[in-house]
Amino acid sequence: MPKQTIPAREPHWPFLLALAAVSGLEYALPDQLSLGPRWLLGIVLLFLIALAMAAHAKGSEKVAFAIGIVINSIVTAALFTSLALLVKSLPAHRIDPVQLLLAAGSLWISNVLVFATWYWRLDAGGPHLRIQQQSHEVGAFLFPQMMLNPDSAIKLDSWHPNFIDYLFLAFNTSTALSPTDTQVLTRWAKTLMMMQSLLSLGIIVLLAARAVNIM
């Protein structure tokens, strides 16, 4: 049985959809949980994405990578800011319980998406460098596909993780508070996963439980 192959270029549309979702989730948050207009994050992200795409089209991959880091940093700062404002507002009971539950759910989803973009952006030098390799053998994460026997019929000739693989990893980290089928190998990845688990735990246990108690 011939082995399967993958496309020569990784699709970026799942990453763009994730950023659009993070921007859209801003509208589910109460006004007091945002430092500026709700539309501001979306406009800034749209401008930076256009710059990154232009740099990529010109072959300036280092510039595109740097812009990507800026994009990730902005959405991460927005997530931490909203969470901090939400925690600060709890003692004052200024947020309706239903709004509080909605905000907690929105922040939890954003947490998954934001850290998925970090894993996708940083692992093995980023998507552009990963796809240049014949096959993904070395990185911050040990995916199950990397551990398959070379003679296995289900092992791809040239396998590379794409955004969905990192989204699955981030989802498991926020639900199980630990990786499931993927091992973490580097310290920077372990640090990010600890941060993600801590945020998820705070959102689920502290904020959601607080809203239920108020109701």
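# Pockets and aromatic pairs in a predicted model

Me: Which residues lie nearest its centre?

Reply: His-12, His-56, Glu-61, Ala-64 and Arg-121 lie nearest the centre of the largest pocket, out of 24 residues in the lining.

Me: Which helices supply at least two residues of that lining?

Reply: Helix 1 (13-25), helix 2 (38-57), helix 3 (61-89), helix 4 (97-122) and helix 5 (127-132) each do.

Me: Which one gives the most?

Reply: Helix 3, with 6 residues in the lining of the largest pocket.

Me: OK, next one down. What volume does the second largest pocket have?

Reply: The second largest pocket comes in at about 230 Å³. Its lining is made of 14 residues, and Glu-26, Ser-34, Leu-35, Leu-41 and Ala-78 are the ones nearest the centre.

Me: Which elements give two or more residues there?

Reply: For the second largest pocket those are helix 2 and helix 3. Helix 3 has the largest share of that lining, 5 residues.

Me: How do the residues of that lining divide into nonpolar, polar and charged?

Reply: In the second largest pocket they come to 9 nonpolar, 4 polar and 1 charged.

Me: Let's zoom out. How many helices and strands does the chain have?

Reply: The protein chain has 7 helices and 2 strands.

Me: What share of the residues counts as buried?

Reply: 43% of the 215 residues in the protein chain. On contacts, if you take those with a separation of 6 or more, 73% are between residues 24 or more positions apart.

Me: Before I use any of this, what's the mean pLDDT of the chain?

Reply: The mean is 84 for the protein chain, with 86% of residues at 70 or more.

Me: Which elements have the lowest and highest mean pLDDT?

Reply: Helix 7 (residues 187-214) has the lowest at 82, and helix 6 (residues 163-175) has the highest at 93. The stretch to watch is residues 1-7, where pLDDT is below 50. That stretch still has 14 contacts in the model beyond near neighbours in sequence.

Me: Switching to rings. How many aromatic pairs are there?

Reply: The structure holds 11 aromatic pairs. One of them is Phe-15 with Phe-163, an edge-to-face pair at 6.1 Å centre to centre and 70° between the planes.

Me: Where do Phe-15 and Phe-163 lie?

Reply: Phe-15 is in helix 1 and Phe-163 is in helix 6, so their pair ties together parts 148 residues apart in sequence.

Me: Are Phe-15 and Phe-163 buried or exposed?

Reply: Both Phe-15 and Phe-163 are buried. Another pair is Phe-143 and Tyr-166, also edge-to-face: 5.5 Å from centre to centre, with 85° between the planes.

Me: What does the pair of Phe-143 and Tyr-166 tie together?

Reply: Phe-143 lies in the loop between strand 1 (141-142) and helix 6, while Tyr-166 is in helix 6, so the pair ties together parts 23 residues apart in sequence. Phe-143 and Tyr-166 are both buried.

Me: Which residues form the aromatic cluster?

Reply: Phe-115, Tyr-119, Phe-141, Phe-143, Trp-159, Tyr-166 and Trp-188 form one cluster.

Me: Two single residues, then. Where is Leu-122 found?

Reply: Leu-122 is found in helix 4.

Me: What does Leu-122 touch?

Reply: Leaving out residues up to four places away in sequence, Leu-122 touches Phe-65, Ile-69, Trp-188 and Leu-192. Its C-alpha is 9.4 Å from that of Gly-139, which is 17 residues away along the chain.

Me: And Ser-82, buried or exposed?

Reply: Buried, at 3% relative accessibility for Ser-82. Ser-82 is in helix 3.

Me: Which residues does Ser-82 touch?

Reply: Ser-82 touches Glu-26, Leu-29, Leu-33 and Leu-107, again leaving out residues up to four places away in sequence.

Conventions
Residues are numbered from 1 along each chain as its sequence is written. This is a predicted model: local features need pLDDT of at least 70, side-chain atom pairs count only at pLDDT 80 or more; totals for chains, interfaces and linings use all residues. Side-chain values use heavy atoms; hydrogens and water are left out. On a 1 Å grid over the protein atoms alone, a cavity is a set of points where a 1.4 Å probe fits but cannot get out, and a pocket is an open set with protein on both sides within 12 Å along at least five of seven lines; lining residues have an atom within 4 Å of a point. Helices (H or I, at least four residues) and strands (E, at least two) are DSSP runs, numbered from the N terminus. Grid points are joined across faces, edges and corners, and a volume is the space filled by probe spheres set on the points. Ala, Val, Leu, Ile, Met, Phe, Trp, Tyr, Cys and Pro count as nonpolar, Asp, Glu, Lys and Arg as charged, and the others, Gly among them, as polar. pLDDT is the predictor's confidence in each residue, from 0 to 100. Contact means heavy atoms within 4.5 Å. Rings of Phe, Tyr and Trp (its six-membered ring) pair if their centres lie within 6.5 Å; planes under 30 degrees apart count as stacked, over 60 as edge-to-face and the rest as tilted. Buried means under 20% relative accessible area, exposed over 50%, partly exposed in between (1.4 Å probe, protein chains only).
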